[in-house]
Amino acid sequence: MNVPARAREVRLVARPGDRLGLEHFTTAEVDVPEPDEGQFLVRNDWMVLSIVMRSLMDAEVHPDLPMSGYRLNEAPWAPAIGTVVRSRAREFAVGDVVSHTRGFREYVLGQAEDWEFSKLDTTRVPGPEYYLNQGVTAWRGMVTVADVGEGDTVFVSGATTAVGSLAGQIARCRGAKRVIGSTGDPAKIGYLVGELGFDAAFDYHDGPVLDRLIELAPDGLDVVFDNVAGEQFEAALQAAAPNARFALCGALSGRSPVLDLDPVVLKDLTIRGFTTPYEPADVAEWTEHYTRWLAEGRFVFPHTVVEGGAGAVPQAMLDVVAGRFRGTVLVRLS
Ligand SMILES: NC(=O)c1ccc[n+]([C@@H]2O[C@H](COP(=O)([O-])OP(=O)(O)OC[C@H]3O[C@@H](n4cnc5c(N)ncnc54)[C@H](OP(=O)(O)O)[C@@H]3O)[C@@H](O)[C@H]2O)c1
């Protein structure tokens, strides 16, 4: 395979503070490394951008997040998928497709014993990029934590996010009676209902969230998958049915909710937060269901593709923060 001598990487060069701008990034040209014995060279084909990366840009160590923040003057980490183009490692052959976390650059050197690099079976999905989904998190919240099942009325806040757009579909595939989603953009309501199979969706700016939930789920919510916190969590507590289960995934609103204990106690609610340690058993269970549901035509991978290679990454990150995309945001790097 043809490999250039030089390639691009995108570096974070300043902390954004209150506002992220293009000036916080630089695109640098670097030498493409030659693999030593036991190493292989990967051409990155796809990388993910997500809103949590905005927080990772604020500091190297982030006390509120279970992952490391970004260092200045380096290409940050990000989930990515690429193709092995040169190899001096027995375990990896030219043409293998691998996943790893060294996005923000066009080429990366892999080490055979580095657990971060795993080979992917691309025959199981329509394209390798289908592996860059946040399904393990959605599965953990919907299934392991909330045990969603037949007859449940489900509310997913932040339903067009990478995680939420999968969580709603998981609920539907597991037999939920009704799946409701919220978004901050009225243009995305039709997407949730028309393309992702939600039964109803609403814009959370459109009046009190509690009014929308009572209107759309008059018999109450059995499962709540919360990506947003703040008012949406507070409203879901009031709109919950007896014995409802809450999976607390994230806090996109940036606002800690006020916990009203009356509904929690009187309705016997179960409220559990979770992180996603990517246990191999969880990954295998999710992948098995995901690939089968995709093949059966019961599931889609909600994603937006940004073209333009590494040079498009800074503007695309600004667009992620502005909420311009739907589902997982993928930048095509090659
Ligand atoms: N617990 C875990 O293990 C785990 C793992 C990964 C992610 N998470 C959490 O899951 C959530 C979704 O993450 P993601 O990576 O899927 O997100 P993402 O796809 O990057 O989300 C981007 C979308 O978030 C929505 N959004 C932005 N600001 C918002 C605000 N202030 N209030 C409400 N919605 C807002 C916008 O959608 P609309 O235009 O539709 O509003 C925007 O398009 C986050 O809370 C994240 O922290 C948790």
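This is a predicted model: local features need pLDDT of at least 70, side-chain atom pairs count only at pLDDT 80 or more; totals for chains, interfaces and linings use all residues.
## The shell around the ligand

How many residues surround the ligand? There are 26, and the closest are Thr-160, Thr-183, Gly-184, Lys-188 and Thr-276; a residue is near if one of its heavy atoms lies within 4 Å. By type, the shell has ten nonpolar, 14 polar and two charged residues, with Gly counted as polar and Asp, Glu, Lys and Arg as charged.

Why does the ligand lie between domain 1 and domain 2? Both domain 1 (6-132 + 302-332) and domain 2 (135-273) give residues to its shell. The bounds come from an automatic or database domain assignment.

## An open parallel sheet

Six strands make an open sheet with parallel pairing, in the order 10-9-8-11-12-13. Strands are DSSP runs of E of at least two residues, numbered from the N terminus, and two of them pair if DSSP finds at least two bridges between them. Strand 10 (200-203) and strand 13 (270-273) each have a single partner strand, so one side of each is left without a neighbour in the sheet.

Strand 12 (residues 240-248) pairs with strand 13 in the parallel sense over four bridges. Here, Arg-245 stands opposite Thr-270 in strand 13.

## Reading the numbers

Residues are numbered from 1 along each chain as its sequence is written. Local features need pLDDT of at least 70 and side-chain atom pairs count only at pLDDT 80 or more, while totals for chains, interfaces and linings use all residues, and side-chain values use heavy atoms, with hydrogens and water left out.
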